[in-house]
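Subject: Structure handover

Dear colleague,

Here is the structure I said I would pass on. My notes on it follow.

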Amino acid sequence: QDLSLPNGTPVDTSSPASSSSLLNRLQLDDDLDGETRDLFVTVDDPKKHVCTMETYITYRVTTKTTRAEFDLPEYSVRRRYQDFDWLRNKLEESQPTHLIPPLPEKFVVKGVVDRFSEEFVETRRKALDKFLKRITDHPVLSFNEHFSVFLTAKDLNAYKRQGMALLSKMGESVKYVTGGYKLRSRPLEFAAIGEYLDTFSLKLGTIDRIAQRIIKEQLEYLVELREYGPVYSTWGGLEVELSEPLEGVSACIGNCCTALEELSEDMTEDFLPVLREYILYSEAMKNVLKKRDQVQAEYEAKLEAVALKKEDRPKVPTDVEKCQDRVECFNADLKADMERWQNNKRQDFRQLLMGMADKNIQYYEKCLTAWESIIPLLQDKPETK
C-alpha cells in the first residue's frame, strides 16, 4: 500500500529510531511558501498591567513587511485581548463574505480560574499569534485597512473613539440584509457544507469532552501516584535488607509521575486549544453560511416582486442585479475560504495527532526506562559464602 502525506511525502511505517522523528517528517511543511510571503506577524512578550480600575495583559505584536501599503518595514505595538476582539468585529463588518478566524474564548481551558497565571497567558498568546497568522495568510483579509491599523497604530484607542470614520466606506459593496426574507432552499453545494459543519462540530465536541475527562482522570491518578511512591521509601527505612529495591521502586514511581505530568501538560496546552479553535472555526463558518443564505433569500424575494408586477420591464431592475452580484460574491468567497480552511485543517490535525502520538511514545518510553532500571535490583543475587 502506498502511504504518503498530502504533500506527497512518503510515510515510513517502520518504528522510528527516536520518537521525535515523527515530528521531524513534518517540519518541511511549515515554510514552503516562506519565500513568497511579504507580511510576517508575531505575538509575544506578554506583560501584566496593574491599574487603579483594572488589571490586564498586553502582548507585543511585531510586524515585518515589504508591502508598499506600509510606510515602514517593521512595526512593534502592544495590544490587549479586547483590541484583538475589536479587530475581529471590524473584519466581520467590512468583509461579511469571508470566514474570519476565531479568537480564543475568555477561558481557553475549562477549570482555569487565574487568567493571569503563566500557563493561561501562554496558552492565550499562542492562540492570538495563530489568529493573526491566519489573517496574514489570507489573500483578502491581510489587505484590510482595519488590520493595517491594528498592526501599526501606536494609539489604537484613538481610532476606536473616532468610530473609524475614515474607514467607514469599507464593505459598502457587500452589505447584507439581516432579516425579513426566508430562503426557499439552500443550494445542494452549500447544504452539503452545512451538514458537514454540523457533523464536524458535533464529533469534535465529543472528542473535546472526552479529552478533558481523560486529563482530569490523569491528574487524579497523578495525585494518588505521588502519595504511592513515598510509601515504598518509608517502608525501605524499616527493612534494611529490602531498602535498596524499595528505594528503587519509589524513585521509579517518581519518574513516572514526572512523565505523566508532562503528558497532561502537553494535552492541556497543545491538544485541547486546537480542538476548541476548530469548534469555534466551524461556528464561524456556519455564520458566514447564514449570511450567504440571507442574501440569497433577499435576491429571491426581489425576483418574485419583479415577476408579480404587471408592467413590462425591458430589463431586470438595478437593485436586483446588485443583489445577484452579492450572492455570487458570497458563493465565490465562501467556497474559496472553505477550501482554504479544509487545507489548513488537514495540516493542523495531521501535526496535532502526530504530536500527540509522539508525546505518548515519549511518556511510555520514560515509564519503561524507569521500570527497567530497577529490574537488576529486584533480581535474585547469588548468596555470598
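In the contact between helices H6 and H8, Glu189, Phe190, Ile193, Tyr196, Leu197, Phe200 and Leu204 of H6 meet Asn331, Leu334, Lys335, Met338, Trp341, Gln342, Lys345 and Phe349 of H8; contact means heavy atoms within 4.5 Å. By class, this contact has ten nonpolar, two polar and three charged residues. Ala, Val, Leu, Ile, Met, Phe, Trp, Tyr, Cys and Pro count as nonpolar, Asp, Glu, Lys and Arg as charged, and the others, Gly among them, as polar.

This is a predicted model, in which local features need pLDDT of at least 70 and side-chain atom pairs count only at pLDDT 80 or more, while totals for chains, interfaces and linings use all residues. Residues are numbered from 1 along each chain as its sequence is written, and side-chain values use heavy atoms, with hydrogens and water left out.

H6 (residues 188-238) and H8 (residues 318-378) pack at an angle of about 30 degrees, with their axes 12 Å apart. That makes H6 roughly parallel to H8. Angles under 35 degrees count as roughly parallel, over 145 as roughly antiparallel, 65 to 115 as roughly perpendicular and the rest as oblique. Axes are lines fitted to C-alpha atoms, for helices over the stretch in contact, and angles run from 0 to 180 degrees between N-to-C directions. The crossing of H6 and H8 is left-handed (the near helix is turned anticlockwise from the far one by less than a right angle; clockwise would be right-handed).

Helices H3 (residues 118-136) and H7 (residues 243-308) cross at roughly 45 degrees, and their axes come within 11 Å. H3 is therefore oblique to H7. The crossing of H3 with H7 is right-handed. Glu119, Thr123, Lys126, Lys130 and Arg134 of H3 make the contact with Glu269, Asp270, Pro273, Val274, Glu277, Tyr278 and Tyr281 of H7. These residues divide into four nonpolar, one polar and seven charged.

For the chain as a whole, the secondary structure comes to eight helices and three strands, in the order α-β-β-β-α-α-α-α-α-α-α along the sequence. Helices (H or I, at least four residues) and strands (E, at least two) are DSSP runs, numbered from the N terminus. Of the 385 residues, 41% count as buried (under 20% relative accessible area, with exposed over 50% and partly exposed in between; 1.4 Å probe, protein chains only).

Helix H4 (residues 145-152) is mostly covered, with six of its eight residues buried: His146, Phe147, Ser148, Val149, Phe150 and Leu151. Their cover includes strands S1 (39-50), S2 and S3 (74-80), and helices H2 (81-94), H3 and H5 (156-161). At the start of H4, a side-chain oxygen of Asn144 reaches to within 2.7 Å of the backbone nitrogen of His146.

Thr65, in S2 (residues 55-65), counts as buried at 8% relative accessibility. The side chain of Thr65 reaches the backbone oxygen of Asp38 at 2.7 Å, and a polar atom of that side chain lies 3.0 Å from the backbone nitrogen of Arg67. Leaving aside neighbours within four places in sequence, Thr65 is in contact with Asp38, Leu39, Phe70, Leu72 and Pro73.

Asp45, in S1, has a positive phi of about 50 degrees although it is not a glycine. At 28% relative accessibility, Asp45 counts as partly exposed.

Regards

Note on methods. Polar contact = N/O pair within 3.5 Å; in protein donor to acceptor, adjacent residues only side chain to side chain.
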